[in-house]
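Good morning, everyone. Please have the sequence and the model open while I talk.

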Amino acid sequence: MADAHHRLELVWADGGYTGSLVEHCLATLALVLAIVKRSDDTRGFVVLPKRWIVGRLFAHLMRSRRLVRDFERRTTSAEAMIYWSMTMIMTRRLTRSHPARA
């Protein structure tokens, strides 16, 4: 993992991943696993730090019709569809006109 993703140092995870996984990631993969927990005294919907990033990513991916349902039989074709969807998002952002800065 370190060879393929040499810049990866920190991974955020849901509160369900607490326990020995944190120590395992640090010892085996040399990754810091930061657990984002919800406070016990809050009620209702609360935006948690860093969790909105994953929700936004899924929202962007679901804009592609092919990714709305799990039609793919192989993980390689599903991965290709995700790359295609993210490429569409990135090219739209690059081609946006930006106002001139003073």
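One definition before we start. Ala, Val, Leu, Ile, Met, Phe, Trp, Tyr, Cys and Pro count as nonpolar; Asp, Glu, Lys and Arg count as charged; the others, Gly among them, count as polar. Keep in mind that this is a predicted model.

Now the pocket. How much space lies in the largest pocket? About 400 Å³. Its lining is made up of 13 residues. Nearest the centre of the largest pocket lie V11, W12, A13, I53 and V54. Two elements give two or more residues to this lining: β1, residues 10–14, and α2, residues 51–62. Sort the lining by class, and you get eight nonpolar, two polar and three charged residues.

Next, the helix pair. Two packed helices are described by the angle between their axes and the distance between the axes.

Is S85 buried or exposed? Buried means under 20% relative accessible area. S85 has 1% relative accessibility, so S85 counts as buried. Leaving aside neighbours within four places in sequence, S85 is in contact with H60, L61, S64 and L67.

On to C25, which lies in helix α1. C25 is at 10% relative accessibility and therefore counts as buried too. With neighbours within four places set aside, the contacts of C25 are A30, L31 and L33. C25 and V11 are 14 residues apart in sequence. In space, their C-alpha atoms are 9.4 Å apart.

Last one: Y17. Where is Y17? In the loop between β1 and α1, residues 20–29. Y17 is at 47% relative accessibility, so Y17 counts as partly exposed. Not counting residues up to four places away in sequence, Y17 touches V22, L33 and I35. Y17 and A34 are 17 residues apart in sequence, and 9.6 Å apart from C-alpha to C-alpha.

That's my tour. Over to you.

Terms used:
Residues are numbered from 1 along each chain as its sequence is written. This is a predicted model: local features need pLDDT of at least 70, side-chain atom pairs count only at pLDDT 80 or more; totals for chains, interfaces and linings use all residues. Side-chain values use heavy atoms; hydrogens and water are left out. On a 1 Å grid over the protein atoms alone, a cavity is a set of points where a 1.4 Å probe fits but cannot get out, and a pocket is an open set with protein on both sides within 12 Å along at least five of seven lines; lining residues have an atom within 4 Å of a point. Grid points are joined across faces, edges and corners, and a volume is the space filled by probe spheres set on the points. Helices (H or I, at least four residues) and strands (E, at least two) are DSSP runs, numbered from the N terminus. Buried means under 20% relative accessible area, exposed over 50%, partly exposed in between (1.4 Å probe, protein chains only). Contact means heavy atoms within 4.5 Å.
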